[in-house]
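Dear colleague,

I am handing over the structure below. Please open it alongside this note.

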Amino acid sequence: MICRILLLISLTSCVSGTFVVKVAQTSYQAEENHTITLEWMFTTKPDSSSTSLIISCYMVTGNNEVSDLYIVYKGVEVSESQVGQFAGRVQSDKDALREGRIRLHVTRLRTDDSGWYTCDVKTNDGVSSDRCRLNVTAAVDQPEPQKPTERPQPESQGRIGLYVGLTAAGLAVCAGLYFTFRLYSNPGGRDQAEEHKLENMDAAE
């Protein structure tokens, strides 16, 4: 809170000139648990002193609640500025900052990270700010990929044919035994079979 008060005093005490801050994109879309990179650009001059650089980046929710995201005061990054919602989840690109670009990597996104993100920047050349909108949607559960149906290999097909043949032969043997058992378990049927056999033999002679 003290840092924010000091920044507000420093920023409001400077009159805007030709100095301009612009967002790289006006809106961003991302899914929770992913990482997003937010970027702003501001004009710099070769002889600009980094000790005059003041940056205040923050997020404003729909309830007008403010959460600090990134603060630089007189060229020095204020690490204590990341508290609460964004603690340990924001990394800045220091090399880009020297080129007049603010690149903030926000990790492990949450749905309540949705809102307006503003960066106020002040240098010896003036003061300016711009904002962008970030919308974080809930993660969608990915269905497990279905395993493709494996076709039987030629060797497997041969084994299947052998099993089918053996099964058919077994059934034929069982059927023969069954009818033989029925025939000889019925005396009348057996006598008729004997008579039928003798008649066939006489006919053959």
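Here is what I found in it. Keep in mind that the model is predicted.

First, the sheet. Four strands form an open sheet in the order β1-β3-β8-β7, with antiparallel pairing. β1 and β7 (90-92) are at the edges, each with a single partner strand, so one side of each has no neighbour in the sheet. On average, neighbouring strands are turned by 25° against each other, direction ignored. Inside the sheet, β3 and β8 pair in the antiparallel sense over six bridges. Leucine 38 has leucine 104, in β8, as its bridge partner.

Next, the core. The largest nonpolar core holds 29 residues. Trp40, Ile55, Ile102 and Tyr117 have the most contacts inside it. Elements giving two or more residues to this core are β1 (21-23), β2 (27-31), β3 (36-42), β4 (54-60), β5 (66-73), β8 (101-106), β9 and β10. β3 gives the largest share, four residues.

Isoleucine 102 deserves a look. Leaving aside neighbours within four places in sequence, isoleucine 102 is in contact with Leu38, Glu39, Trp40, Phe42, Ile55, Cys57, Tyr70, Leu97, Cys119 and Val121.

Last, a loop residue. Aspartate 125 sits in the loop between β9 (115-123) and β10 (126-137). The C-alpha atoms of aspartate 125 and threonine 44 are 8.2 Å apart, although 81 residues separate the two along the chain.

Best regards

Definitions and conventions. Residues are numbered from 1 along each chain as its sequence is written. This is a predicted model: local features need pLDDT of at least 70, side-chain atom pairs count only at pLDDT 80 or more; totals for chains, interfaces and linings use all residues. Side-chain values use heavy atoms; hydrogens and water are left out. A nonpolar core is a set of buried Ala, Val, Leu, Ile, Met, Phe, Trp, Tyr and Cys residues joined through side-chain atoms within 4.5 Å. Buried means under 20% relative accessible area, exposed over 50%, partly exposed in between (1.4 Å probe, protein chains only). Contact means heavy atoms within 4.5 Å. Two strands pair if DSSP finds at least two bridges between them. Axes are lines fitted to C-alpha atoms, for helices over the stretch in contact, and angles run from 0 to 180 degrees between N-to-C directions.
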